[in-house]
Amino acid sequence: MQADQTDRTDPTHRTERECTLELEAHPYRIQQIRRIVSAQLRYWRLDPLIEPASSATSELLANVHRHAKPDKKCGVRLTLADDRLTVAVSDHDPRLPQLRPVEPMATTGRGLTMVEAMSDSWGTDLLPEDAGKVVWFVLRTPLAVPTLVPLKTSVPFERALPEPEPLPEAVAVAAAA
């Protein structure tokens, strides 16, 4: 397995981050890649995207394991740009996957349906010269939570509150009893 991570700055001065992995899609590797995707998203501080991204990536890698021919070699690329995370899985099989109706009692065949449900969009692209395909999905990144900054006042808080009104004498006597 080979991994690569880069940070590139585009002309608009926004940073695009990318992490790529090359592997053979075997069941033990799929779980390993799931952990790597989770760790990368934690590093990028995208914790809310860990579960959908790692689950959808696992589904796409399982499809490579089940269906890709002539080999199980594939690549996983995570790209963080602006307000979206794109995860792309490429393999050498030019046959495009098809979203099928889900059979309620079937034990397989739900992978792309799950990817569709977990992502904001997904799709496929053929690679040039019958070199294979790329199946990708996009997740919108969560909006940053604004940091609350206390307002500065010229008067300390205690002095900013009005002095309490004295209790009427009849109430004060009853309260003391």
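Visitor: What covers the buried residues of H3?

Guide: The cover includes H2, strand E5 (121-126) and strand E6 (133-140). Covering is read from contacts, meaning heavy atoms within 4.5 Å. Helices (H or I, at least four residues) and strands (E, at least two) are DSSP runs, numbered from the N terminus. This is a predicted model, in which local features need pLDDT of at least 70 and side-chain atom pairs count only at pLDDT 80 or more, while totals for chains, interfaces and linings use all residues. Residues are numbered from 1 along each chain as its sequence is written, and side-chain values use heavy atoms, with hydrogens and water left out.

Visitor: Which are the buried residues of helix H3?

Guide: Buried means under 20% relative accessible area, exposed over 50%, and partly exposed in between (1.4 Å probe, protein chains only). In helix H3 (residues 111-118), the buried residues are Gly111, Leu112 and Val115. Their arc around the axis is only 90 degrees, so they sit on the same side of H3. That arc is taken from the directions from the helix axis to the C-beta atoms.

Visitor: What should the 18 residues of helix H2 span?

Guide: The expected span of a helix is 1.5 Å times one less than its number of residues. For H2 (residues 50-67) that gives 26 Å, and the end C-alpha atoms are 26 Å apart, which agrees.

Visitor: How many residues of H2 are buried?

Guide: In H2, 14 of the 18 residues are buried, so the helix is largely enclosed by the rest of the structure. Ser58 is a residue of this helix, and it is buried at a relative accessible area of 10%. Leaving aside residues up to four places away in sequence, Ser58 touches Ile30 and Arg34.

Visitor: Now the backbone. Which residues does a cis peptide bond join?

Guide: Most peptide bonds are trans, and most residues other than glycine have a negative phi. Here a cis peptide bond joins Lys69 and Pro70, with omega about 15 degrees. Pro70 is in the loop between H2 and strand E3 (73-81).

Visitor: Which residue has a positive phi of about 55 degrees although it is not a glycine?

Guide: That residue is Asp82, in the loop between E3 and strand E4 (84-91). Asp82 is partly exposed, at a relative accessible area of 44%. Asp130, also a residue other than glycine, has a positive phi near 50 degrees.

Visitor: Where is the place of Asp130?

Guide: Asp130 is in the loop between E5 and E6.

Visitor: Is Asp130 buried or exposed?

Guide: Asp130 is exposed, with a relative accessible area of 66%.
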